[in-house]
Amino acid sequence: MSADLVLSNARVYTVDAARPWADAVAIRGEQIVYVGSGDSDELGALIGSTTETFDLGGRLVIPGMVDAHAHPDWVALSAWHVTLPWTYDVDEILTFVRRYAEEHPREEAPFIYAEYYPSTLFDTDGPKKELIDAYVSDRPVLLQDHSDHCSWVNSKMLELMGVDKDTPLQVVPDDPAPQFVRDADGEPTGWVTEYAWEHFVGAMYEAIGWHPPAEVTPAMLRDVTSFLTSRGVCALWDAIGSEATYAAAAALDARDELNLSYYGSRRFFSLADLPENIAVLREWEKKHGGRHLHLDAMKLFLDGTNEIGTSAVLEPFVVGEEDRGELRMSEDDLAACLLVLNEENLDLHVHLVGDRAFRTACDAVERARSQLGDAWRIQVTLAHCELIDPADMPRVAELGIIVNWSAHWSGGYFSAQSLEWLGQERFDRMYQFNPIIESGGVVCYSSDVITQYEAHRGDPFFGMQVAHTRVDPEFPIYPDHPVREPASAKLSLTDLIKGYTVNGAIQLRLAGRTGSIEAGKLANLAILDKDLFSVPDDDIHAVRPEAVLFEGKIVHGDLGSLERAETS
Ligand SMILES: [Zn+2]
């Protein structure tokens with residue numbers, strides 16, 4: 001049987017260790033049927049009267065990529081947010097907000113939600129509501145900090161939410177992190193951690209007679225997935241989707257407009273609420289799961305973030321006394337959760353940032369694995385892993401854990417904030433994955449972009465550039481020295497491509513079907529306009545797929561125009 005499509009005269013980087021390079025690929029239906037030399041008899045035998053052949057003019061072809069930790073619905077839902085100017089001048093930020101309010105009357109913008117202000121703008125007491133009140137007091141205002149774990153609200157917002165000194169200190173059972181920070185009299189100051197406001201905001205929306213879009217529609221979701229498609233992404237892992245998100249993805253899939261494999265999860269908080277959340281995931285999978293949509297993992301937050309000192313660290317923060325951050329689940333409970341998940345055949349994805357959280361997760365995996373022996377079958381992915389004690393790095397390979405890193409954070413995106421809490425020595429040890437890769441551990445990459453503000457940074461080529469250079473072109477770590485130390489932590493392009501392709505596919509349990517260009521796998525690939533391996537490091541972010549194939553179908557670009565461009 002002949003092939004439908006042959007791509008010839010290409011530089012195919014296969015990410016298949018057995019044959020890293022090839023110059024031709026043949027595709028039949030959704031599958032790759034040949035990878036190898038362009039003048040072999042085997043390829044000749046696949047070319048029939050209906051086969052379309054395209055000469056790629058030596059262009060680089062890589063496997064379709066995997067964004068292994070993404071929030072497409074949050075990006076879509078944040079289109080109404082206001083983008084603040086990036087400045088450390090509080091007056092400039094608040095003047096901008098006042099001008100925005102003047103230009104957008106209350107009827108038009110009944111609630112101003114603006115992002116981001118630098119997380120180091122204020123001392124550890126945080127910002128005060130009265131500061132915003134002096135600029136805008138006629139309607140609720142919320143300013144989000146750059147770590148996205150803290151909010152700064154005005155008095156109007158607290159008033160309309162009904163939050164005052166009588167509001168219980170702990171707003172979520174079992175979770176001490178979400179809080180309205182109080183002054184000495186117990187009065188909320190206007191500083192809010194971990195989205196505590198979300199639990200009270202319903203009353204405010206009621207009062208102002210306005211609600212933000214609560215649920216993502218297929219069209220909103222498609223705006224985000226089609227951007228990822230245009231950047232060569234053929235599969236993503238949604239780190240906390242809602243049912244509406246998965247319903248929207250299913251609707252797009254039914255219309256053949258999803259154009260990527262969409263894998264999702266459900267969040268749980270504790271050992272106690274794990275079973276009920278598994279039941280919800282199962283129900284969603286039954287209702288919405290389909291050809292390209294699967295819900296087969298649970299998500300847990302094991303700690304907070306370095307930027308506000310809520311990560312769980314081995315040694316105390318340099319700020320505060322004997323404060324080692326917050327571990328949101330004990331090792332005992334985590335090991336017990338792993339037994340439950342193993343029984344249910346569901347994978348686990350853990351948000352963790354600090355070195356104590358990392359060690360706790362490894363200890364729990366080690367314990368559960370030794371208890372289960374051969375019955376151990378789940379995959380555990382540790383996402384973020386910003387600070388890891390060197391002694392724990394080899395444990396990734398030893399325990400078969402997957403590490404998931406948001407490559408575009410590798411420069412100065414979150415810098416001074418974590419430096420303040422961790423101190424210089426630890427700060428200079430952050431974001432290091434080469435020792436894990438060298439010891440045989442699986443590291444994959446992701447965008448983890450959560451708002452429209454940063455959506456463009458979800459482009460894997462942007463991530464590759466930042467991780468390869470340790471320089472963030474938008475947020476240089478120091479104005480005079482933009483490279484994040486240590487230079488030895490720069491990731492190689494081959495490791496980055498591997499992490500964005502086959503290693504991401506491992507996390508999604510798709511490695512048998514995608515992640516490399518091999519006969520028998522799905523025809524997921526991207527044809528690039530420039531050779532990633534020879535463009536200057538500073539131009540990696542600008543590399544674009546000229547065409548993307550998902551399961552043999554052209555979902556971005558046009559192969560014919562490539563060839564015309566070559567011959568004209
Ligand atoms: Zn995330």
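The model is a predicted one, where local features need pLDDT of at least 70, side-chain atom pairs count only at pLDDT 80 or more, and totals for chains, interfaces and linings use all residues. Residues are numbered from 1 along each chain as its sequence is written, and side-chain values use heavy atoms, with hydrogens and water left out.

**The zinc site.** Let us begin with the metal. The zinc ion has H69 (NE2), H71 (NE2) and D448 (OD) as its protein donors, at 2.1 to 2.2 Å. Donors here are N, O and S atoms within 2.8 Å of the metal (3.2 Å for Na, K and Ca); water is not among the atoms, so sites may look incomplete. Along the sequence, the donor residues follow the spacing H-x1-H-x376-D. Helices (H or I, at least four residues) and strands (E, at least two) are DSSP runs, numbered from the N terminus.

The peptide bond from E115 to Y116 is cis, with omega near -5°, and Y116 belongs to strand 10 (residues 112-117). The table gathers some buried residues, where buried means under 20% relative accessible area, exposed over 50%, and partly exposed in between (1.4 Å probe, protein chains only).

| Residue | Relative accessible area |
|---|---|
| Y117 | 2% |
| D448 | 9% |
| E551 | 10% |
| F122 | 16% |
| V181 | 17% |

**Aromatic rings.** The structure holds 29 aromatic pairs. Rings of Phe, Tyr and Trp (its six-membered ring) pair if their centres lie within 6.5 Å; planes under 30 degrees apart count as stacked, over 60 as edge-to-face and the rest as tilted. Y117 and F122 form an edge-to-face pair, because their ring centres are 5.9 Å apart and their planes meet at 75°.

V181 sits in strand 13 (residues 179-182). Leaving out residues up to four places away in sequence, V181 touches D125, E187, P188, T189, W191 and T193, where contact means heavy atoms within 4.5 Å.
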